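Grab a pencil and work through these exercises with the structure open beside you. Try each task yourself before you read its solution.

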Amino acid sequence: MAAVEALCRDILARYRIEPARVLAHSDVAPRRKRDPGEKFDWARLARAGIGHWVEPAPPGGDDGLGCSDTGNAVMRLHRQLRAYGYWIEAHGFYDEHTEIIVTAFQRHFRPALVNGRADASTIETLDRLIASRTRVY
């Protein structure tokens with residue numbers, strides 16, 4: 001991780017990238033990439049001033065939203081994911097693409113449970129990230 005921190009600092013300085021804009025391969029290409037995965041220490045990277053991080057809400061055991069769910073809750077989820085920067089259309093249907101995007105989000109920001117379902121913990125963590133973003137940018 002120390003080597004990753006040094007490499008990130010060098011790239012951020014060289015290309016004048018805002019530290020909060022550091023992403024994972026799985027955030028950019030979630031259909032093709034799974035790395036760096038849920039075991040990557042994003043919290044440590046954020047403590048080093050690289051990336052955007054909030055303490056994730058702990059999974060609570062609710063089933064949340066999943067494939068074939070529809071309605072306002074799914075529409076809100078789509079809008080929040082899009083507002084954060086994920087490529088997703090807000091159409092209110094929890095389809096395979098939504099599941100892939102939620103899985104990528106969980107790998108990066110809520111790694112305690114990566115299952116592609118948007119449970120309360122996933123949604124709360126996403127809301128925290130969006131709320132804290134105004135303080136980051």
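Before you start, here's a cut-off you'll need: a residue is buried if its relative accessible area is under 20%, exposed if that is over 50%, and partly exposed in between. Keep in mind, too, that this is a predicted model.

**Exercise 1.** Work out whether Asp119 and Arg110 are buried or exposed, and find what links them.

*Solution.* Step one: take Arg110, whose relative accessible area is 1%. That is under 20%, so Arg110 is buried. Step three: look at the link, a salt bridge in which the closest N and O atoms are 2.9 Å apart. The cut-off for a salt bridge is 4 Å, so this pair passes.

**Exercise 2.** Find out which parts of the chain the salt bridge between Arg44 and Glu5 ties together.

*Solution.* Step one: check the distance, which is 2.7 Å from N to O. Arg44 sits in helix 3 (residues 42-47) and Glu5 in helix 1 (residues 2-15), so the bridge joins parts that are 39 residues apart in sequence. Step three: sort them by accessibility. Glu5, at 11%, is buried, while Arg44, at 31%, is partly exposed.

**Exercise 3.** Now try Asp10 and Arg14: how many residues apart are they in helix 1?

*Solution.* Step one: count along helix 1, and you'll get four residues, which means about one helical turn separates Asp10 from Arg14. Step two: look at their side chains, which meet in a salt bridge at 2.2 Å, N to O. Step three: sort them. Asp10 is partly exposed at 37%, and Arg14 is partly exposed at 47%. By the way, the structure holds seven salt bridges, including this one.

**Exercise 4.** Describe how helix 4 and helix 5 pack.

*Solution.* Step one: remember what you need, since two packed helices are described by the angle between their axes and the distance between the axes. Step two: read off both. Helix 4 (residues 72-84) and helix 5 (residues 96-109) meet at an angle of about 55°, and their axes are 12 Å apart. That angle makes helix 4 oblique to helix 5. Step four: list who touches whom. Helix 4 brings Leu77, His78, Leu81 and Tyr84, and helix 5 brings Thr98, Ile101, Val102, Phe105 and Phe109. Step five: sort these contact residues, and you get seven nonpolar, two polar and no charged.

Key:
Residues are numbered from 1 along each chain as its sequence is written. This is a predicted model: local features need pLDDT of at least 70, side-chain atom pairs count only at pLDDT 80 or more; totals for chains, interfaces and linings use all residues. Side-chain values use heavy atoms; hydrogens and water are left out. Axes are lines fitted to C-alpha atoms, for helices over the stretch in contact, and angles run from 0 to 180 degrees between N-to-C directions. Helices (H or I, at least four residues) and strands (E, at least two) are DSSP runs, numbered from the N terminus. Angles under 35 degrees count as roughly parallel, over 145 as roughly antiparallel, 65 to 115 as roughly perpendicular and the rest as oblique. Contact means heavy atoms within 4.5 Å. Ala, Val, Leu, Ile, Met, Phe, Trp, Tyr, Cys and Pro count as nonpolar, Asp, Glu, Lys and Arg as charged, and the others, Gly among them, as polar. Buried means under 20% relative accessible area, exposed over 50%, partly exposed in between (1.4 Å probe, protein chains only).
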